[in-house]
Amino acid sequence: MNKRDFYDVLGVEKKASAAELKAAYRKKALEWHPDRNKSPEAEAKFKEINEAYEVLSNADKRAAYDQYGHSAFSAQGGPASGWEQGGMGGQGGFQQGPFTYYYTSGGQQGQSFDFGDFSDPFEIFEQFFGGASPFGRQQRRVPRYGLSLSFMEAAKGVEKEVLISGKRKKLKIPAGVDEGSRINFGDFYITIDVKPDAVFKREGSDVLVDLAIPFTLAILGGEIEVPTIDGKLSLKVRPGTQPGTMVRLRGQGIPHLRGLGRGDEYVRLIVKLPEKLTADQKRILEEYRQVEKKKPGWF
């Protein structure tokens with residue numbers, strides 16, 4: 001089914017400011033909220049309005065949408081981000097492999113909503129209005145818990161045993177979660193906190209690594225082992241490599257949380273200079289310097 005243009009959904013121009021987007025969202029969301037509007041299409045309209053606002057109110061998502069349209073939020077033209085739509089009981093949800101998560105509507109008993117790849121529209125609505133419903137609806141009180149993971153646990157996925165309301169539960173955390181990721185397990189939320197790593201840094205699905213190499217390796221070239229989240233790889237260093245050179249290792253980054261494939265790893269080569277030299281090393285380098293002095297452009 002073809003989706004309407006998000007700007008048309010909110011009734012704004014493509015150059016609309018953040019303030020104009022907020023004003024348009026407020027008006028539309030109040031108009032089509034299912035607690036206020038009892039028309040059959042209210043639920044779909046309310047979901048559509050929140051999808052549009054969720055994308056256009058985020059600078060990065062808006063830029064992606066402006067460039068690629070709705071395809072920016074789908075995987076290979078299939079369902080959004082490759083997640084299979086599913087459900088169980090009276091809840092809407094999505095599933096990836098063995099991991100199944102459900103959204104509850106918070107509305108009438110037995111009423112369910114399927115939010116696809118986007119957030120719970122009632123959640124967005126309540127956050128926009130500061131957590132208070134302008135219709136006096138009973139606010140959903142779903143317990144939220146924090147879960148701290150190491151960098152590797154977040155990157156590769158992990159099963160954690162936690163204590164929830166006095167009961168032990170095993171939670172399967174999918175590979176690719178990041179700082180601030182929130183997983184809805186139906187009757188409670190888990191918010192992810194990722195501890196910093198001494199070796200790896202993360203930018204989206206990409207991994208950054210600073211790797212110190214001897215200056216002789218930078219000059220002469222050779223091979224060196226590089227850490228990745230899956231283990232060490234051998235990297236060829238070309239002769240004459242300059243300090244700060246970035247090497248891209250395709251597919252060695254973080255698995256995409258809601259889609260296929262992985263990010264990349266970027267290795268920044270830091271040329272390490274010796275602090276002390278032996279007499280022989282000084283002699284060799286002095287001979288090299290004398291040769292360099294004879295070349296044009298020496299300074």
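## The pairing of β10 and β14

In this predicted model, strands β10 and β14 run parallel and are joined by 8 bridges, where strands are DSSP runs (E, at least two residues) numbered from the N terminus and two strands pair if DSSP finds at least two bridges between them. Within this pairing, L208 stands opposite Y266 in β14.

β10 and β14 belong to an open sheet of 4 strands with mixed pairing, in the order β9-β10-β14-β13. Because β9 (200-203) and β13 (246-249) stand at the edges with a single partner strand each, one side of each is left without a neighbour in the sheet.

β9 pairs with β10 in the antiparallel sense over 4 bridges, and R202 has V207 in β10 as its bridge partner. The hairpin of these strands has 2 residues between them, and G204 takes a positive phi near 65° there. β13 pairs with β14 (residues 265-272), again in the antiparallel sense and over 4 bridges, with R248 opposite Y266.

## The chain and the basis of the values

The protein chain contains 8 helices (H or I, at least four residues) and 14 strands, and buried residues make up 35% of its 299 residues.

Residues are numbered from 1 along each chain as its sequence is written. Local features need pLDDT of at least 70 and side-chain atom pairs count only at pLDDT 80 or more, whereas totals for chains, interfaces and linings use all residues, and side-chain values use heavy atoms, leaving out hydrogens and water.

Conventions. Buried < 20%, exposed > 50% of the residue type's maximum accessible area, 1.4 Å probe, protein only.
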